[in-house]
Amino acid sequence: MAALETPGQTSFADRARVVRGVLRPVSVALAGAVVFLVVGSLESEIFAQQTVAGLAQGAVYGSLALALVLIYRATEVINFAQGELAMATTYIAYQLIQWGLSYWAAFFATLAIAFALGTAIQLAVIRPVQHKSVIAVVIVTVGLFVLIDGLVTWKWGADIKFMPAPFGQKVYHVGGVALARQDIGTLLVSILSVLLLWLLFQFTKLGLGMRAAALRPAAAALVGVRVDRMLAVGWGLAAVLGAVAGLMAEPSQFVLQPSLMQPVLLYAFAAAVLGGLESPTGAVVGGIALGVFLNLVGQYVHAITSELRLPFAFAVLLVVLLLRPSGLFGKRSVRRV
Amino acid sequence: MRARAPGLATVAAAAVVLALLPFALSGYHQALAAQVGIFFVAILGLDILTGYTGQISIGHGAFMAIGGYTTAVMSRDHHTSLVLTMLLAFAVCFAFGLLVGLPALRLSGVYLALATFALAVSVPQLPLKFSRFLGGSGGVQSHTVPSHLRLYAYSWASAAILFVLGWLVLRGRTGRAFRAIRDSEVAAASSGVRLPIYKTLAFGVSAAYAGVAGSLFVMGTNGFAQPNEFGIILSLELLVGAAVAGLGSLWGVLVGAAFIALLPTVSSDVPLIGSEHGQDVVFGLIVVLVMLLLPQGFAGFLARLARSRARV
């Protein structure tokens with residue numbers, strides 16, 4: 001039983017108590033933020049427009065952040081290649097469209113390919129080092145980052161590509177507020193994919209197995225969960241989420257190029273850490289909050305110019321980390337010596 | 001650098017080889033060998049923080065940037081001699097490292113890694129904002145540029161000095177405190193190691209090393225300090241170098257430095273894919289392969305070798 005009692009893991013009752021204690025101030029703050037956004041949107045049209053655009057961007061950050069969290073929960077590894085993988089799958093969708101598929105056919109085909117790709121990467125290069133050293137796995141993902149970037153640039157070139165807009169260029173006007181159909185579509189698709197993933201985790205046997213494998217690998221293996229297989233599936237699902245993020249990030253920037261996901265990955269890192277790295281809800285909430293916050297700050301605080309957007313995001317992250325060293329939704333680690 | 005210091009004879013032999021090496025090399029290869037020295041200094045600094053004190057940093061590119069800009073700006077504005085700017089870079093980055101080390105006291109593990117990553121992301125953006133002083137995206141040009149031979153001499157001389165300094169710091173009381181913190185913070189604190197002092201000190205020393213490396217790095221790019229050169233990729237390269245090195249072995253650090261300094265050059269000669277992007281493909285592939293084959297880095301490989309020899 002010694003393997004089950006690793007330090008740093010609290011009992012479930014303990015954890016529930018910790019989570020409840022942590023969540024109260026955070027939920028109060030979030031509720032306050034929502035009220036602020038609603039009131040602001042009713043007061044000012046520009047504010048409403050920026051909020052909706054921020055929600056869409058934030059949903060993209062949130063999807064990629066969730067992909068990072070999925071892998072982190074299972075293996076305690078930050079996958080640096082997640083963004084590049086998403087970028088590569090977006091290029092695959094581009095290629096499929098070039099070959100004559102309609103956008104949505106290419107979309108779903110790409111998700112299937114992404115799943116296969118994620119699983120294959122886990123089997124081929126992650127599994128062999130997984131049990132040897134955490135830092136080795138991280139370095140492998142850094143190597144994959146460079147490798148995938150090189151492969152895509154080699155195959156498709158570094159120049160800008162254009163893809164058809166999935167939701168058209170239509171703009172709705174609701175009481176003087178211009179809402180791009182693009183933004184609403186991005187938001188809906190991202191939220192829908194997160195929701196489907198949640199259903200998978202909560203209500204299927206596969207999801208139960210994956211949660212068990214992530215939470216207590218040794219115990220899960222004892223009751224017959226194929227832990228290794230679950231980890232591979234986890235990488236596949238993370239790649240699918242990444243593909244959704246990539247496909248939704250592409251139209252909002254209107255161009256496709258190899259550096260597409262690099263800034264998104266950084267914001268996704270920030271979002272995942274804001275949420276506490278262990279918490280899927282935290283990742284999504286963190287992503288959306290970051291997207292809205294940055295858009296509003298960009299609109300109203302003129303000192304934060306576009307080149308300071310990224311440093312500012314990370315400055316906010318640092319402040320949050322200093323106040324709450326394990327993120328907004330993270331469980332406080334309890335160490336026993 | 002390891003607890004069992006490498007034999008004096010080996011170190012002396014290495015010093016002689018390094019001193020004679022430039023006379024056997026062309027100017028271009030002298031510059032390459034200087035690059036190895038530069039990364040040796042940077043990875044040495046990272047090893048003090050990560051390998052000895054157990055604090056992970058993915059942000060050492062930021063300290064290199066600060067050191068590099070210190071050199072370029074001082075040389076541009078005051079025509080300060082380059083050697084003096086290296087000392088300045090050491091001092092500035094030491095102070096800056098202490099400052100970063102303070103908030104890092106509250107963070108650990110992956111959160112610390114990502115906080116330092118934030119640093120790596122943010123610092124290269126500052127020259128773009130303060131473009132009058134820091135030259136914007138065009139960069140800062142230093143007043144003088146050293147020749148290849150000088151660059152080689154500067155980089156390996158600082159590597160030697162900083163190596164000895166590191167050995168002095170790590171060998172006594174401070175080194176013991178660092179290792180105790182790495183092995184268990186609680187145990188270290190309860191045996192009287194003052195965590196805040198030693199943890200920030202490790203950050204300061206490590207950052208100072210990176211600062212000197214950054215200063216040399218700028219001299220190696222014809223005296224140009226440019227934001228692009230100090231991007232996230234540089235921080236990741238240092239991490240890759242440290243991982244290839246493994247932890248706590250002098251020879252490992254040398255191999256790790258050679259790995260990241262020479263591999264881009266070597267892999268661009270591979271005709272396999274035939275374009276400039278082939279370089280990235282080969283580099284990424286080799287990084288993945290090295291980690292698959294040597295998950296504990298070169299130091300782990302050496303340890304395994306020593307064990308198998310002992311068995312024979």
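In the predicted model, 42 residues of chain A are in contact with 36 residues of chain B, contact being defined as heavy atoms within 4.5 Å. The size of an interface is often given as the accessible area lost when the parts come together. For chain B and chain A this buried area amounts to about 3700 Å², of which 81% lies on carbon and sulfur atoms; the quantity is the accessible area (1.4 Å probe) that two parts lose on being put together, summed over both. Of the area that chain B buries against chain A, 16% is supplied by B:Arg106, B:Tyr111 and B:Leu114, more than by any other three residues.

Across this interface the rule finds 0 salt bridges, a salt bridge being a side-chain nitrogen of Lys or Arg within 4 Å of a carboxyl oxygen of Asp or Glu. The rule finds 1 residue pair in polar contact across the interface of chain B and chain A, both residues being at pLDDT 80 or more. A polar contact is a pair of N or O atoms within 3.5 Å, where within protein one atom must be able to donate a hydrogen and the other to accept it, and where residues adjacent in sequence count only if both atoms are side-chain atoms. On the side of chain B that touches chain A, at least two residues each come from helix H5 (109–122), helix H6 (126–129), helix H12 (232–245) and helix H14 (278–293) of chain B, and H14(B) gives the most, with 9 residues. Helices (H or I, at least four residues) and strands (E, at least two) are DSSP runs, numbered from the N terminus. By residue class, the side of chain B that touches chain A divides into 27 nonpolar, 6 polar and 3 charged residues, where Ala, Val, Leu, Ile, Met, Phe, Trp, Tyr, Cys and Pro count as nonpolar, Asp, Glu, Lys and Arg as charged, and the others, Gly among them, as polar.

Residues are numbered from 1 along each chain as its sequence is written, and chains are lettered from A and ligands numbered from 1 in the order in which they are written. Because the model is predicted, local features need pLDDT of at least 70 and side-chain atom pairs count only at pLDDT 80 or more, whereas totals for chains, interfaces and linings use all residues; side-chain values use heavy atoms, with hydrogens and water left out.

Chain A has 12 helices and 2 strands, and from the N terminus on its elements run α-α-α-α-α-β-β-α-α-α-α-α-α-α. The radius of gyration of chain A, 20 Å, is close to the 20 Å that the globule rule gives for 337 residues, so chain A is as compact as a globular protein of that length; the radius is taken over C-alpha atoms, and the rule is 2.2 Å times the number of residues to the power 0.38. The C-alpha trace of chain A spans about 65 × 50 × 35 Å along its principal axes. Of the 337 residues in chain A, 52% are buried, buried meaning under 20% relative accessible area, exposed over 50%, and partly exposed in between (1.4 Å probe, protein chains only). Among contacts in chain A between residues at least 6 apart in sequence, 74% join residues at least 24 apart.

Within chain A, A:Ser193 is placed in helix H6 (residues 181–203) and is buried, with a relative accessible area of 16%. A polar atom of the A:Ser193 side chain lies 2.8 Å from the backbone oxygen of A:Ser190, and, residues up to four places away in sequence not being counted, A:Ser193 touches A:Leu241 and A:Val244.

In chain B, B:Ser57 lies in the loop between H2 and H3 and is buried, at a relative accessible area of 2%. The side chain of B:Ser57 reaches the backbone nitrogen of B:Gly59 at 3.0 Å and makes a polar contact with the side chain of B:His60 at 2.8 Å. Apart from neighbours within four places in sequence, B:Ser57 is in contact with B:Leu46, B:Leu49, B:Thr50, B:Thr116 and B:Leu239. B:Leu44, in helix H2 (residues 27–52) of chain B, is buried with a relative accessible area of 0%, and its C-alpha atom is separated by 8.0 Å from that of B:Ser206, 162 residues apart along the chain.

Most residues other than glycine have a negative phi. B:His79, in the loop between helix H3 (60–78) and helix H4 (82–104) of chain B, has a positive phi near 55 degrees and is partly exposed, with a relative accessible area of 48%. B:Asn222, which is not a glycine, has a positive phi of about 55 degrees; B:Asn222 is found in the loop between helix H11 (195–220) and strand E2 (224–225) of chain B and is exposed, with a relative accessible area of 53%.
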